[in-house]
Amino acid sequence: MTERVRQFLRSPVLWPLAGIALLLIANLILKPGFLNITVLDGHLYGLPIDVLNRGAKTLILALGMTLVIATGGVDLSVGSVVAITGAVAAALIGQGTDSLALIVAGALGAGALAGLANGLLVARLGVQPIVATLILMVAGRGVAQVLTDGQVLIIKHPGFDFLGNGFVLGLPFTIVCATLLYLAAHAALRRTAGGMFIEAVGDNPEASRFAGLATARIKILVYVVCGFCAAIAGIMEAANIGAADAQRAGENMELDAIFAVVVGGTALAGGRFLLLGSFVGALLLQMLITTMYNLGVPPAVAPVPKALLILTVCLLQSDRTRRWFGGLWRGKPAS
Amino acid sequence: MSAAPLLTLRGIGKRFPGVIALDGVDFTVRAGEIHALLGENGAGKSTLIKVLTGVYEADAGEIKLAGQPLRANIPADAERAGISTVYQEVNLVPSLSVAENIALGRQPGRFGFLNWRAIRRHAREALARLGLDCDPDAELGSLSIALQQMVAIARALDLKARLLILDEPTASLDEKEVADLFAVMRRLREQGLGIVFVTHFLDQVYAVSDRITVLRNGTLVGEYLTAELPRLSLVGKMLGRDLAEPTPGLANAAENTAGASVLSARSLSRKGALHSLDLDVRRGEVLGLAGLLGSGRTETARLLFGIDERDSGELRVKGAPVALRSPRDAVRLGLAFCSEDRKSEGILPNLSVRENLIIALQAKQGGWRTLARSEQDRLCAHYIAALRIKTADAEVPIRTLSGGNQQKVLLARWLATQPALIILDEPTRGIDIGAKAEIEQLIGKLRAEGIAVIFISSEIEEIVRNSTRALVLRERRPCGEIAGDKLNVNHLMKAMAGGHTKHE
């Protein structure tokens with residue numbers, strides 16, 4: 001039991017969790033009604049639900065990003081893929097496609113294709129991940145512009161609207177979907193050898209190849225999964241605002257996703273990954289953003305506290321600063 | 001020869017989670033002596049050196065350099081105090097030039113601008129001191145490992161060092177280079193430097209050292225004058241037991257046990273790596289692959305395992321022609337390959353011993369047929385016991401194990417796949433005598449079980465002891481096969497050296 005407690009205290013998830021708790025308390029003190037949840041038409045409403053609802057897209061992007069980062073890569077294009085897939089959905093609806101399955105399949109297919117392009121560049125052509133995905137990050141917006149004809153396409157489709165604004169069992173569909181995706185990913189990666197393969201490739205690609213792993217295929221697969229996740233987020237985004245905006249949709253979301261992964265304790269160098277960490281990390285980011293709305297911080301200033309928060313969590317996770325803190329605790333300077 | 005103590009360590013203790021690495025160790029180095037630090041893997045040599053150079057902080061004990069207490073919390077402190085270290089693995093930047101590597105961290109220059117002429121001049125001086133003929137502007141990564149090692153030594157010598165620590169500097173040097181290094185070491189000794197020399201080659205200990213300190217299991221066994229310590233009792237002290245009788249040559253015994261062909265190659269070639277190699281390995285035989293550094297031994301292994309693609313030639317596994325384009329193909333065909341470069345081609349450093357051990361078997365089965373955790377644990381328990389792997393448990397990261405134990409885990413990784421053929425490239429390199437003997441025993445056991453083994457080694461005696469047949473390579477071509485009575489050190493040496501006996 002004590003071993004469990006000690007393990008938890010050393011877990012990288014601890015600090016983002018503590019951050020969420022701290023923000024909750026700050027909100028409660030400054031705006032006592034913060035935690036109130038009201039039930040309307042059998043649906044739950046309230047700020048905590050809002051946090052989860054708005055955070056769902058970052059959660060899903062962070063899921064795919066975790067796997068890419070675990071292989072030692074990074075995917076900068078997910079924000080653009082959000083725009084592309086939203087545009088694909090809008091264009092399909094605009095052309096009179098009525099079947100929700102077809103619309104969703106089109107968007108998901110576009111996302112997976114984008115991921116495949118990234119994966120092939122990285123794994124088969126040996127382009128550095130940051131460069132390979134930068135290409136699509138820049139070009140992707142253009143593709144989305146072409147798909148929407150440079151306009152903000154308004155989407156009117158009740159079934160599609162549900163994907164961004166619907167409720168399941170009283171909870172927003174987006175949260176339910178994000179949570180299910182994490183559970184599915186956990187089962188698919190930790191109950192099989194898949195997770196270990198990804199970690200092995202990130203830890204030492206050469207040794208992994210020598211041990212008989214299909215390293216290129218594994219890398220391609222994680223980029224495809226990442227593109228797929230971006231497509232889900234893209235559908236949610238378009239459905240949520242009821243429009244496809246090639247310019248603004250998914251803007252800077254790749255950075256939020258990377259932040260969530262890093263804050264959650266997965267190292268950018270690759271290797272070990274923590275799905276739970278990314279989940280908590282994404283929630284912490286959204287919690288902070290919502291808190292700032294709640295406290296009336298002007299949007300232009302908002303990135304500053306966000307940066308401070310990331311810095312704090314990263315410092316707390318670094319072994320060196322922890323040892324330093326430990327030294328302070330015992331009243332003597334540590335090395 | 002023995003002057004006042006230059007360096008004294010008293011009662012040094014260091015523990016890691018689950019392991020006591022050092023326990024009350026004393027160590028003394030006098031100015032103007034070459035002091036060999038010996039012990040099996042896991043004896044605490046590396047830890048002691050890391051404590052001394054400020055990589056680790058000791059939990060107990062004191063360190064004095066020239067009478068002054070040494071407080072080295074980071075390697076730079078130790079360097080400033082005059083302790084220079086050359087580690088077993090080359091820790092330089094492959095993409096920088098030789099001169100830049102030698103100057104790295106202490107570049108001459110002003111206001112942030114570099115004095116390139118001074119950098120080159122220093123490098124040339126440092127290289128000349130080692131008697132090395134090497135272009136200071138060459139990219140380090142383009143040199144052979146042996147030369148890179150020499151550059152690392154040149155870099156350490158470049159400092160105004162009082163104590164030079166050489167941690168297995170000779171592991172990848174050929175005989176001439178070793179002799180050159182010894183000449184430099186002796187010269188430095190005359191200049192009053194204290195030199196700590198860690199090696200696994202006992203010949204070298206007796207060739208160059210004045211004094212020996214032996215560690216075992218993190219404790220001090222004793223300090224001896226080299227001249228007064230017979231070789232056999234040294235080995236006894238290192239192992240804490242008597243060595244098993246050396247296995248006699250196997251060549252005759254094995255003639256009759258060799259079975260069906262497992263792997264055969266015909267005119268296997270790759271430009272710049274290997275020229276027209278024919279090779280046959282049968283069940284239950286150990287084919288030794290002998291040759292000097294750079295003769296094409298590792299290149300052969302890489303071609304046979306599909307790491308590099310062949311330009312021409314034919315490969316057959318169990319009689320059937322195979323494409324073999326990747327290690328993955330090779331693993332699925334029942335081949336296994338233990339690379340000589342454990343650090344970059346073997347271990348997954350941050351993954352656990354268990355994961356490192358099962359990864360090849362899991363890869364062979366494919367990702368979707370996952371080994372049950374109970375099966376994984378059973379495999380780990382089996383191999384940890386069978387190969388006597390020293391580890392706190394199977395869940396610690398493999399990087400925390402000593403070199404010999406990492407090597408055993410990698411062997412276990414391949415044995416777990418139940419291969420038909422295993423290629424061992426320098427499996428005993430950089431590990432201690434005890435583990436060496438264990439690995440040699442294991443090779444015999446594999447042979448008895450009917451597994452075909454290709455055994456690559458730079459130590460001729462090792463090839464003779466363990467192989468049933470030997471193939472000799474010279475200048476990336478096969479130059480003879482030796483079997484039966486003729487498989488002895490003399491014949492092998494002659495074949496390796498070829499017409500010209502002095503140069504490769």
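Is A:Glu199 buried or exposed? Select A:Glu199 and you'll find that this residue is buried, at a relative accessible area of 1%. (Buried means under 20% relative accessible area, exposed over 50%, and partly exposed in between, with a 1.4 Å probe and protein chains only.)

Before moving on, some ground rules. This is a predicted model, where local features need pLDDT of at least 70, side-chain atom pairs count only at pLDDT 80 or more, and totals for chains, interfaces and linings use all residues. Residues are numbered from 1 along each chain as its sequence is written, chains are lettered from A and ligands numbered from 1 in the order in which they are written, and side-chain values use heavy atoms, with hydrogens and water left out.

**Stop 1: salt bridges**

(A salt bridge here is a side-chain nitrogen of Lys or Arg within 4 Å of a carboxyl oxygen of Asp or Glu.) A:Arg190 is partly exposed, with 33% relative accessibility. How many salt bridges does a search of the whole structure find over all chains? The count is 30.

Jump to chain B and pick B:Arg30 with B:Glu223. Their closest N and O atoms are 3.4 Å apart, in another salt bridge. B:Arg30 sits in strand S2 (residues 19-30) and B:Glu223 in strand S12 (residues 219-225), both of chain B, so the pair ties together parts that are 193 residues apart in sequence. (Helices, H or I with at least four residues, and strands, E with at least two, are DSSP runs numbered from the N terminus.) Color by accessibility and B:Arg30 comes out buried at 14%, while B:Glu223 is partly exposed at 34%.

Next, select B:Lys408 and B:Glu438, whose side chains form a salt bridge at 2.6 Å, N to O. B:Lys408 belongs to helix H15 of chain B and B:Glu438 to helix H16 (residues 433-448) of chain B, so this pair ties together parts 30 residues apart in sequence. B:Lys408 is buried, with a relative accessible area of 7%, and B:Glu438 is buried too, at 17%.

**Stop 2: the cavity**

Rolling a probe the size of a water molecule over the atoms shows where empty space is left. A search of the whole structure turns up one cavity of 30 Å³ or more. (A cavity is a set of points, on a 1 Å grid over the protein atoms alone, where a 1.4 Å probe fits but cannot get out; lining residues have an atom within 4 Å of a point.) The volume of the largest cavity is about 50 Å³, volume being the space filled by probe spheres set on the points.

To see the lining, select A:Phe210 together with B:Phe337, B:Cys338, B:Ser339, B:Glu345, B:Gly346, B:Leu410, B:Arg413 and B:Trp414. In chain B, strand S18 (335-338), helix H12 (342-346) and helix H15 (403-415) each give two or more residues to this lining. The largest share, three residues, comes from H15(B).

**Stop 3: a nonpolar surface patch**

Over on chain A, show A:Val301, A:Val304, A:Leu308, A:Leu311 and A:Leu315 as a surface. Together they form a nonpolar patch with about 440 Å² of accessible area. (Patch residues have over 30% relative accessible area and no salt bridge; like charges are joined within 9 Å, nonpolar side chains (Val, Leu, Ile, Met, Phe, Trp, Tyr) within 5 Å. Areas come from the Shrake-Rupley method with a 1.4 Å probe.) A:Val301 is in the loop between helix H13 (275-294) and helix H14 (303-317) of chain A, and is partly exposed at 40%.

**Stop 4: positive phi**

Two loop residues in chain A deserve a backbone check. A:Asp149, between helix H6 (129-148) and strand S3 (153-154), has phi near 60°, a positive value in a residue other than glycine. A:Asp149 is exposed, at 66% relative accessible area. A:Leu169, in the loop between strand S4 (167-168) and strand S5 (171-172), has a positive phi near 50°. A:Leu169 is exposed as well, at 85%.

**Stop 5: one distance to draw**

Finish in chain B with B:Ala103, in helix H3 (residues 98-103) and buried at 7%. Draw a line from its C-alpha to that of B:Ala123, 20 residues apart along the chain, and the separation is 7.4 Å.

Terms used
On a 1 Å grid over the protein atoms alone, a cavity is a set of points where a 1.4 Å probe fits but cannot get out, and a pocket is an open set with protein on both sides within 12 Å along at least five of seven lines; lining residues have an atom within 4 Å of a point.
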